[in-house]
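Please open the model in your viewer and keep the selection panel at hand.

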Amino acid sequence: MEFDFLKPLDNEILQFIKEVSSQQLGSKVVFHSNEEFPDLNKIKIAIIGVLENRGDVNQTEEVELTHIRKELYGLFPGNWNVSLGDLGNILAGNSCDDTYFALRKVVSSLIKKKIIPIVIGGSQDLTYALYRAYDDLEQMVNLVSIDNKFDFGKENDALSANSYLTKIIIEEPNNLFNFSNVGFQTYFNSQEEIDLIDKLFFDAYRLGDISNNLSIAEPVFRDADIVSMDLASVKSADSGNFDSFMPNGFNGKEICALSRYSGISDKVSLFGIFNHNNTKQESILIAQIIWYFIEGYHYRSNEYPFGSRENYIKYIIPLEEELIFYKSNKTDRWWIEIPFISSGNNKLKKSTLLPCSYEEYLAACNQEIPERWWKAQRKNIV
């Protein structure tokens with residue numbers, strides 16, 4: 001059984017849970033112990049640790065998640081109606097491929113059960129295994145990475161935290177519809193890599209643009225299936241990671257807001273946090289990032305792709321090609337339609353809605369075609 005890959009939490013964590021007050025988060029979570037495994041029919045979010053970091057050549061210490069769990073379960077929950085479970089850890093296998101296999105099987109099974117895994121790594125190459133977990137679900141996948149780098153590598157490079165994206169792009173079956181990077185810093189990425197993002201019709205948002213207007217990232221997360229967060233995207237002054245010093249990056253408030261956007265997205269079914277350095281300071285921030293994801297989940301509105309279009313106002317903009325926008329009566333959020341093209345080899349088998357902003361609607365009213373819509377159209381037919 002795939003859940004046999006999960007090892008129970010150690011006694012140090014379980015003893016800590018016994019000592020928290022009834023008001024703290026630790027008293028409201030079910031845990032995998034030597035005596036019992038959580039009833040998966042009763043949880044909506046599952047926390048999983050993955051003790052694998054061999055994909056990061058700069059990391060020599062074993063993954064340590066005790067501090068993160070203590071910080072998280074010592075927090076007080078919001079007024080949530082969310083059932084949580086901590087399923088324990090996936091240990092590092094004899095090889096990285098063994099770990100990827102175990103993680104893929106566990107995550108795939110949870111998603112099939114409509115449970116959202118929060119995966120705490122480990123190195124970011126584990127994102128490859130998360131992506132492969134969707135192979136059995138027969139759907140196109142949108143991946144969003146919060147990262148200061150794109151993590152491309154050479155085609156023949158071994159899979160690593162710095163090259164996992166290349167393997168996702170070139171390996172069959174290719175279920176990736178879109179990749180979006182949020183927070184890249186130009187000096188960490190070659191011009192060749194930046195050009196490749198454009199060539200593949202992917203989306204990338206510079207750190208400065210997101211920091212100046214955080215709300216432009218919200219539609220990106222609304223369209224994501226997987227969100228993979230690299231803790232190196234946070235500046236060291238806020239993360240507490242001074243082993244790998246980062247003078248620039250998101251601050252604590254911004255990274256938690258992005259996590260909340262991930263949680264509140266009706267489409268996100270998997271959230272991962274990677275490349276932390278086992279420091280107690282960083283654990284405090286990671287715990288708060290997870291807290292904000294759970295809070296976002298509590299406030300999901302169950303709109304597209306689950307809601308009916310009857311609950312939207314439809315706007316038609318006559319351009320060279322007619323653009324159709326929808327505005328939610330419930331949340332005032334906007335979508336733009338990607339039409340189904342009957343001829344050609346389409347990745348999307350029906351018309352679909354792409355999350356967008358009010359500003360993009362206004363731009364269309366001024367005869368400007370939204371760039372994200374144009375890229376989505378191109379990806380659909382190439």
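A residue is called buried under 20% relative accessible area, exposed over 50%, and partly exposed in between, with a 1.4 Å probe and protein chains only. By that scale, Asn329 is partly exposed, with a relative accessible area of 48%. The model is a predicted one, in which local features need pLDDT of at least 70 and side-chain atom pairs count only at pLDDT 80 or more, while totals for chains, interfaces and linings use all residues. Residues are numbered from 1 along each chain as its sequence is written, and side-chain values use heavy atoms, with hydrogens and water left out.

**The whole chain**

Begin with the entire chain selected. It has 13 helices and 14 strands; helices (H or I, at least four residues) and strands (E, at least two) are DSSP runs, numbered from the N terminus. Along the principal axes, the C-alpha atoms fill a box of roughly 65 × 45 × 40 Å. The radius of gyration of the chain is 20 Å, which agrees with the value near 21 Å that a compact globule of 382 residues would have. That radius is taken over C-alpha atoms, and the globule rule is 2.2 Å times the number of residues to the power 0.38.

Of the 382 residues, 57% are buried. Contact means heavy atoms within 4.5 Å; of the contacts in the chain with a separation of 6 or more, 74% are between residues 24 or more positions apart. Colouring by charge shows 38 positive and 54 negative side chains, and the centres of the two sets lie 5 Å apart. Lys and Arg count as positive and Asp and Glu as negative, without His and the chain ends; each charge is placed at NZ of Lys, CZ of Arg, CG of Asp or CD of Glu.

**Helix α3**

Next, select residues 96–112, which form helix α3. This helix of 17 residues reaches 24 Å from its first C-alpha to its last, close to the 24 Å expected at 1.5 Å a residue. The expected span is 1.5 Å times one less than the number of residues. Which residues of α3 are buried? Among them are Cys96, Thr99, Tyr100, Leu103, Val106, Val107 and Leu110. An α-helix has 3.6 residues a turn, so residues three or four places apart point the same way. The buried residues of α3 pack against β1 (6–7), β3 (45–51), β4 (84–91), β5 (116–120), α4 (126–132) and β10 (270–274). Just after α3, Lys114 takes a positive phi of about 65 degrees.

**Two cis peptide bonds and Arg132**

Move to the loop between β5 and α4, where Gly122 lies. The peptide bond from Gly121 to Gly122 is cis, with omega near 15 degrees. A cis peptide bond also joins Glu172 and Pro173, with omega about -5 degrees; Pro173 is in the loop between α5 (164–170) and β7 (176–184).

Leaving out residues up to four places away in sequence, Arg132 touches Arg104, Glu171, Glu172, Pro173 and Asn175. Its relative accessibility of 4% makes Arg132 buried.

**Two buried residues**

Select His32, in the loop between β2 (29–31) and β3. His32 is buried at a relative accessible area of 7%, and the residues it touches beyond four places in sequence include Leu6, Pro8, Phe37, Asp86 and Gly88.

Then go to Ile290 in helix α11. Is Ile290 buried or exposed? At 0% relative accessibility, Ile290 counts as buried. Beyond four places in sequence, Ile290 touches Ile68, Leu72, Ile118, Ile120 and Ile273.

**Loops with positive phi**

Asn302 lies in the loop between α11 (280–298) and β11 (312–317). Although not a glycine, Asn302 has a positive phi of about 55 degrees, and at 53% relative accessible area it is exposed.

Finish in the loop between β12 (323–328) and β13 (334–338), the place of Asp332. Phi of Asp332 is positive, near 65 degrees, in a residue other than glycine, and at 49% relative accessibility Asp332 is partly exposed. Asn329 is found in the loop between β12 and β13. Apart from neighbours within four places in sequence, Asn329 is in contact with Glu310, Asn311, Tyr312 and Ile313. The C-alpha atoms of Asn329 and Glu310 are separated by 9.4 Å, and the two residues are 19 apart along the chain.
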